[in-house]
Amino acid sequence: MQNEWVLITGASSGIGLEFARLFATKKFDLVLHGRNEARLNEISRELTAKHSVRVKVLVRDLAQPAAASKIFAELEKERIPVSILVNNAGFGAGKFFAQEQLQVCTDMVETNITALIELTHLFLKPMLARKSGKILNVASTAAFQPGPKMAVYYASKAFVFSFSNALANELDGSGVTVTTLCPGPTRTEFHARAGATRSEKTIGKWMMTAEEVARAGYNGLMKGKRNVVPGLVNKIGVALAKIAPTRLSTAAARKVMEG
Ligand SMILES: NC(=O)c1ccc[n+]([C@@H]2O[C@H](COP(=O)([O-])OP(=O)(O)OC[C@H]3O[C@@H](n4cnc5c(N)ncnc54)[C@H](OP(=O)(O)O)[C@@H]3O)[C@@H](O)[C@H]2O)c1
């Protein structure tokens, strides 16, 4: 029994679900967050039965104002101290910006950026007071170049990468670490939800499983690493994106999106 609580946002499917399974095998108690209550309850039953861990389910839409502060208040009220925060929830949308609904774009910014900042700020304070804690923010290899047909999504992940690395630097020596996980294409519901199934056809053979990605993130988090890019192909892609002229890397990203 670890007697330590992990809060995982977006734990109802994909990478977040695999994080939940992995932390449960290591005997962490879990706060599982998402919007799909039925799925979260099913996962809760699975993990409680298999691993005898405590599981609390939290249902909140992170695109709604004050979602993060409501999550924090609920856990405070129940005296659940969060030792590890995994900011994983996020989504994309695969259309040209001018054709996308504005509401979808602003919901994406609320979920991928604002809620991540708010949760980090809220849970960081008690971690700093305890001089111990770990934060894992899920960015993407999308952080390293602009992404036509997913412009807001790519930009949101560039934000997560930049913010998380600056924060990791600020927290050096505080007892709290910040790890940024940058997965490349991963086989989850993300692509279908984003309406980006053409890109899935192009990159399908390079896709990692959610389990592989979560394991790489978990190992990096536990070692206190600043950045984790899972998989050799993704590491090469990031290295190339860093040295290529922006116009070229942007054009390459568009080719992938257009299948
Ligand atoms: N799959 C990839 O290729 C890939 C690559 C790089 C980075 N990522 C990142 O990895 C993270 C996990 O994505 P995934 O691939 O595992 O996709 P996924 O299977 O679609 O899972 C996304 C999770 O985020 C939650 N979520 C989305 N919008 C939310 C909102 N407004 N409020 C609350 N929860 C919300 C979903 O909860 P509900 O279903 O309960 O609503 C779900 O649990 C995301 O940040 C994504 O950007 C994915």
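Let's start with Phe-23 and what it touches. Setting aside residues up to four places away in sequence, Phe-23 is in contact with Val-6, Ile-8, Phe-28, Leu-30, Ile-84, Val-86, Tyr-218, Leu-221 and Met-222. Keep in mind that this is a predicted model. Phe-23 sits in helix H1. Its relative accessible area is 0%, so Phe-23 counts as buried. Take one of those partners, Val-6. Val-6 and Phe-23 are 17 residues apart along the chain, and their C-alpha atoms are 7.8 Å apart.

Now the helix itself. H1 covers residues 14–25, which is 12 residues. From first C-alpha to last, H1 reaches 17 Å, close to the 16 Å expected at 1.5 Å a residue. How much of H1 is buried? The count is 10 of the 12 residues, so the rest of the structure largely encloses this helix. The buried set runs Gly-14, Ile-15, Gly-16, Leu-17, Glu-18, Phe-19, Ala-20, Leu-22, Phe-23 and Ala-24. After H1 comes Lys-27, with a positive phi, near 70 degrees.

Next, the ligand. Which residues come nearest? There are 33 residues around the ligand, and the nearest are Ser-12, Arg-35, Asn-88, Tyr-153 and Thr-188. By type, the shell has 12 nonpolar residues, 15 polar and six charged.

A backbone N or O atom of Asn-88 is 2.7 Å from one. For Thr-186, a polar backbone atom lies 2.8 Å from a ligand oxygen. For Lys-157, the side chain is involved: an N or O atom there is 3.0 Å from an oxygen atom of the ligand. On its own, the ligand exposes 890 Å², and the protein buries 97% of that. Which elements give two or more residues to the shell? They are H1, strand E2 (29–34), helix H5 (151–170) and helix H6 (190–194). H6 gives the most, with three residues.

Ser-44 belongs to helix H2, residues 37–51. Its relative accessibility is 13%, under the 20% cut-off, so Ser-44 counts as buried. Beyond its neighbours within four places in sequence, Ser-44 is in contact with Leu-32, Val-55 and Val-57.

Then Ala-67, in helix H3, residues 67–77. Ala-67 is buried too, at 4% relative accessible area. Its contacts, leaving aside neighbours within four places in sequence, are Arg-60, Asp-61 and Leu-62. Leu-30, which we met as a partner of Phe-23, is 37 residues from Ala-67 along the chain, with 19 Å between their C-alpha atoms.

Last topic, backbone angles in the loops. Most residues other than glycine have a negative phi. Now look at Ser-52. Its phi is positive, near 50 degrees. Ser-52 lies in the loop between H2 and strand E3 (55–59). Is Ser-52 buried or exposed? Exposed, with a relative accessible area of 54%.

Arg-79 also has a positive phi, near 50 degrees. Arg-79 is in the loop between H3 and strand E4 (82–87). With a relative accessible area of 75%, Arg-79 is exposed.

Key. Residues are numbered from 1 along each chain as its sequence is written. This is a predicted model: local features need pLDDT of at least 70, side-chain atom pairs count only at pLDDT 80 or more; totals for chains, interfaces and linings use all residues. Side-chain values use heavy atoms; hydrogens and water are left out. Helices (H or I, at least four residues) and strands (E, at least two) are DSSP runs, numbered from the N terminus. The expected span of a helix is 1.5 Å times one less than its number of residues. Buried means under 20% relative accessible area, exposed over 50%, partly exposed in between (1.4 Å probe, protein chains only). A residue is near a molecule or strand if one of its heavy atoms lies within 4 Å of it. A polar contact is a pair of N or O atoms within 3.5 Å; within protein, one must be able to donate a hydrogen and the other to accept it, and residues adjacent in sequence count only if both atoms are side-chain atoms. Accessible areas come from the Shrake-Rupley method with a 1.4 Å probe; for residues, only the protein chains shown count as cover. Ala, Val, Leu, Ile, Met, Phe, Trp, Tyr, Cys and Pro count as nonpolar, Asp, Glu, Lys and Arg as charged, and the others, Gly among them, as polar. Contact means heavy atoms within 4.5 Å.
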